Amino acid sequence: MTRDFRDRSLLLIVVMGMLLIAGCSQKPPRRAYGSLVEYVNPLVGTDSEHGFSNGNTYPAVALPWGMNFWTPQTSKMRNGWTYTYKAKHIKGFKQTHQPSPWLNDYAAFSLMPLVGELKVDETARQSAFSHDREHSSPHYYSVHLDDYQVKVEITPTKRCAVFRFTFPSTEDAYVLLDGYWGNSKLTVDPESKTLTGWVDNNHGGVAPNFKNYIVASFSQPFEKSGTWVDSVLYDSKSAEGQRAGAFVKFNSKSRRVVELRVASSFVSLEQAKLNLEREVGNLSFEAIKERGAAAWNKELGKIQLEKGNGKPEDKRTFYSNLYRLLLFPREFYEISANSDTIHYSPYNGRIEKGVLYTDNGFWDTFRAVYPFYSILYPRKCGEIMQGIMVNPYKESGWLPEWSSPGHRNVMIGSNSASIIAEAYCKGIRNFDIHTAYEGILKNSENEGPLTSVGRAGVKWYNELGYIPSDVGVNEHVARTLEYAYNDFSIYRLAKLLQRPQEEIERFAMRAQNYRNVFDASTNFMRGKDKNGSWQEPFSPDTWGGAFTEGSAWHYTWSVLHDPQGLIDLMGGKEAFTAKLDSVFTTPPTFDYSYYNHEIHEMTEMVAANMGQYAHGNQPIQHGIYLYNYAQQPWKTQYWADYVMDSLYSDQPNGYCGDEDNGQTSAWYVFSALGFYPVAGVTAQYVIGAPHFEHVRLLLPGGKELEIKANQLSESNKYIQSVKVNGISYSKNYLPHEILISGGLIEFEMGAFPNTAWGSNKEDVPFSMSSPREVI
């Protein structure tokens with residue numbers, strides 16, 4: 001009996017068991033979710049700075065995948081660290097589209113209330129605040145501005161927000177709208193009690209005609225109004241120029257509460273007004289707030305933690321991570337007056353039909369974000385494929401790798417291929433796969449207009465099977481390794497699409513290119529020149545150069561699709577596990593000569609105190625799960641539990657490095673459920689250590705997946721046995737089909753490793769070098 005047949009037979013037995021259970025018992029009604037939004041702390045990750053990241057996040061006041069986010073602003077404009085927990089002053093409340101401080105913001109503007117003297121300079125107008133009088137939730141933010149005795153409240157929709165300012169009794173209450181750096185135009189209309197205009201600030205990735213159109217409507221009449229340009233005040237009702245702004249004045253002696261309804265559009269001012277009418281209309285602040293809470297509870301409620309492991313903070317940590325996972329990529333589309341879905345294209349500057357998604361770096365998110373969407377949001381995932389891959393390709397001629405809002409020249413890889421392939425291989429069909437595949441083929445053979453688009457060094461990679469160290473392409477080993485996984489993904493997709501055999505074999509061969517940069521004399525991945533000689537000098541703790549934000553200690557394990565091949569290269573599973581063990585025991589030294597300074601990821605690795613393991617950055621986040629491939633799953637269980645307990649929390653310092661568009665959060669969410677997608681395109685999830693005693697996943701189509709970890713406790717962290725739908729299960733991975741079919745997965749936990757469970761050769765996940773095909 002072949003191994004492939006045994007695996008397929010086991011899957012059939014499990015699915016049949018699930019159907020039997022469904023047929024013999026009446027399915028209970030779904031439980032109503034509680035107010036899970038109360039468990040989310042948007043301040044997690046905000047205790048960060050340029051030199052040390054505890055997440056590099058800001059408290060996004062937003063709906064899931066919203067077009068616009070809002071955040072209090074403690075830093076000066078153009079500073080990517082827009083809100084830092086240790087700051088003592090607030091300078092404004094910003095509409096933001098920032099996906100990362102390293103990419104910075106675009107289309108931003110801010111609102112700020114004040115009393116007394118009119119001050120428009122962002123530092124002069126700032127106010128002290130205290131976290132004791134600050135409340136941060138996904139759907140609602142409030143804070144007391146101490147210098148002005150003003151309470152500010154914000155609640156969002158996807159494209160709008162409602163502000164409520166409660167002023168003290170004064171004749172001099174102001175609200176400012178700051179158009180920020182870049183060009184902007186603002187107009188005050190006292191008769192309609194509105195501000196309108198546009199801003200165009202950005203950091204790249206836009207067409208020349210890019211604008212964010214704004215409409216802001218107040219509940220109270222203005223006593224006075226005016227504008228400014230670059231902090232110079234004017235009596236004019238309209239101003240245009242670098243950093244234009246507008247102010248309105250109220251007498252709050254009798255009416256202390258002022259509400260502001262604000263919307264924006266990337267299409268037109270008329271569309272911004274339509275967005276405001278549709279999403280806010282005449283609804284009250286409280287009604288919008290309740291809708292926001294319901295929207296978040298609906299999504300958070302798709303994973304219900306029925307019972308924890310005795311630590312209430314873990315539930316807050318889980319839902320705070322899930323919140324981050326559901327923010328990006330953002331919906332960059334709008335609904336026209338004719339009810340058509342339209343978007344402004346930052347790629348060609350035209351108004352196009354269809355959806356657009358943006359603000360995503362695939363180097364980060366291909367690892368776990370899109371695998372997560374494939375389970376709980378398959379239709380949404382297909383829509384995202386159309387909006388973040390297909391339409392940008394149609395509008396620019398290239399698949400994105402980092403979009404914000406258009407192409408940005410950062411990071412490496414061709415990971416759009418793996419995301420598209422994974423979606424299609426998992427049965428997601430509601431996107432134009434043929435246009436997507438056309439873009440994949442173009443990327444695989446060409447360098448793009450930016451080094452992040454297409455494949456830098458592709459000529460060498462395709463001819464030699466690796467990118468040499470002496471041809472002027474930086475991070476050459478990292479690119480070679482990532483291209484190899486991308487080519488494996490293309491190979492899998494090409495087979496499903498029944499492409500020509502030569503094409504299928506070409507990508508299958510390229511998927512093995514990782515072997516060309518493995519040095520058996522050191523058991524590390526290593527740079528090699530075009531003549532085939534190893535790059536000298538070599539030290540495995542040298543960051544950069546051949547690698548991307550990491551060293552050989554991290555990238556040696558970047559063979560996601562073929563861990564068995566890497567095991568063989570290292571001399572067998574004993575040598576492999578010994579090498580993997582040494583990642584956690586080798587002192588966290590580093591050579592930063594490539595960067596000429598210590599970058600924050602190095603500092604965070606040292607602070608994590610896990611040897612050379614650097615969970616604060618993506619290249620090795622899957623490394624813990626590789627023990628399963630070497631038939632030692634108990635080590636995966638130990639380290640997964642350790643990282644969840646030690647490197648995550650529900651506090652402002654709750655991450656151990658950049659959160660990165662949901663990826664570091666997705667690692668926690670998956671790991672807490674008890675499994676992780678090492679190679680998403682294989683449609684398998686490697687089993688780790690469940691972190692909660694009882695979890696329910698509400699799946700599409702009314703299905704439920706129940707996960708139980710019996711006897712789980714702080715000491716009982718090791719898996720003793722597993723059952724799927726009542727049937728004993730020895731594999732140390734779970735196929736995608738089992739998860740999306742629903743049913744019951746039961747883990748029996750204990751205080752000591754069961755070295756017999758999941759440790760046979762036939763129990764390990766797929767590797768390309770193994771004789772069986774992907775389930």
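Reader: Why is helix 8 (residues 416-425) said to be largely enclosed by the rest of the structure?

Author: Because ten of the ten residues of helix 8 are buried. Buried means under 20% relative accessible area, while exposed means over 50% and partly exposed lies in between (1.4 Å probe, protein chains only). One thing to keep in mind: this is a predicted model, where local features need pLDDT of at least 70, side-chain atom pairs count only at pLDDT 80 or more, and totals for chains, interfaces and linings use all residues. Residues are numbered from 1 along each chain as its sequence is written, and side-chain values use heavy atoms, with hydrogens and water left out.

Reader: Which residues of helix 8 are buried, and what covers them?

Author: The buried ones are S416, A417, S418, I419, I420, A421, E422, A423, Y424 and C425. Their cover includes helix 5 (362-365), helix 6 (369-376), helix 7 (378-396), helix 9 and helix 11. Just after helix 8 comes G427, with a positive phi of about 90°. By the way, helices (H or I, at least four residues) and strands (E, at least two) are DSSP runs, numbered from the N terminus.

Reader: What makes helix 11 and helix 12 roughly antiparallel to each other?

Author: Look at the angle. The axes of the two helices cross at roughly 155° and come within 7 Å. Under 35 degrees counts as roughly parallel, over 145 as roughly antiparallel, 65 to 115 as roughly perpendicular and the rest as oblique. Axes here are lines fitted to C-alpha atoms, for helices over the stretch in contact, and angles run from 0 to 180 degrees between N-to-C directions. Helix 11 and helix 12 are therefore roughly antiparallel.

Reader: Which residues make the contact between helix 11 and helix 12?

Author: Helix 11 brings A484, D487, I490, Y491, A494 and K495, and helix 12 brings I504, F507, A508 and R510. Contact means heavy atoms within 4.5 Å. Sorted by kind, the contact residues are seven nonpolar, no polar and three charged. For that count, Ala, Val, Leu, Ile, Met, Phe, Trp, Tyr, Cys and Pro are nonpolar, Asp, Glu, Lys and Arg are charged, and the others, Gly among them, are polar.

Reader: What else do the buried residues of helix 12 pack against?

Author: Besides helix 11 (476-496), they pack against helix 9 (433-445) and helix 10 (458-464). The buried residues of helix 12 (residues 501-510) are E503, I504, R506, F507, A508 and R510.

Reader: Why does S551 count as buried?

Author: Its relative accessibility is 0%, so S551 counts as buried. S551 is placed in the loop between strand 28 (524-525) and helix 13 (552-555). Not counting residues up to four places away in sequence, S551 touches P540, D541, T542, W543 and Q612. D541 is ten residues away along the chain, and the two C-alpha atoms are separated by 5.5 Å.

Reader: And why does N523 count as buried?

Author: Because N523 has 14% relative accessibility. N523 is in the loop between strand 27 (518-519) and strand 28. Leaving aside neighbours within four places in sequence, N523 is in contact with F518, T556, L569, M570 and K579.

Reader: How do you know which strands pair with strand 8?

Author: Count the bridges: two strands pair if DSSP finds at least two bridges between them. Strand 7 (residues 140-145) is joined to strand 8 by five bridges, and these two run antiparallel. Strand 8 is also joined to strand 9 (residues 160-166), again antiparallel, by six bridges. Y141 stands opposite I154 in strand 8, and K151 has T166 in strand 9 as its bridge partner. The hairpin of strand 7 and strand 8 has four residues between the strands, and Q149 there takes a positive phi near 55°. From strand 8 to strand 9, a hairpin goes through three residues.
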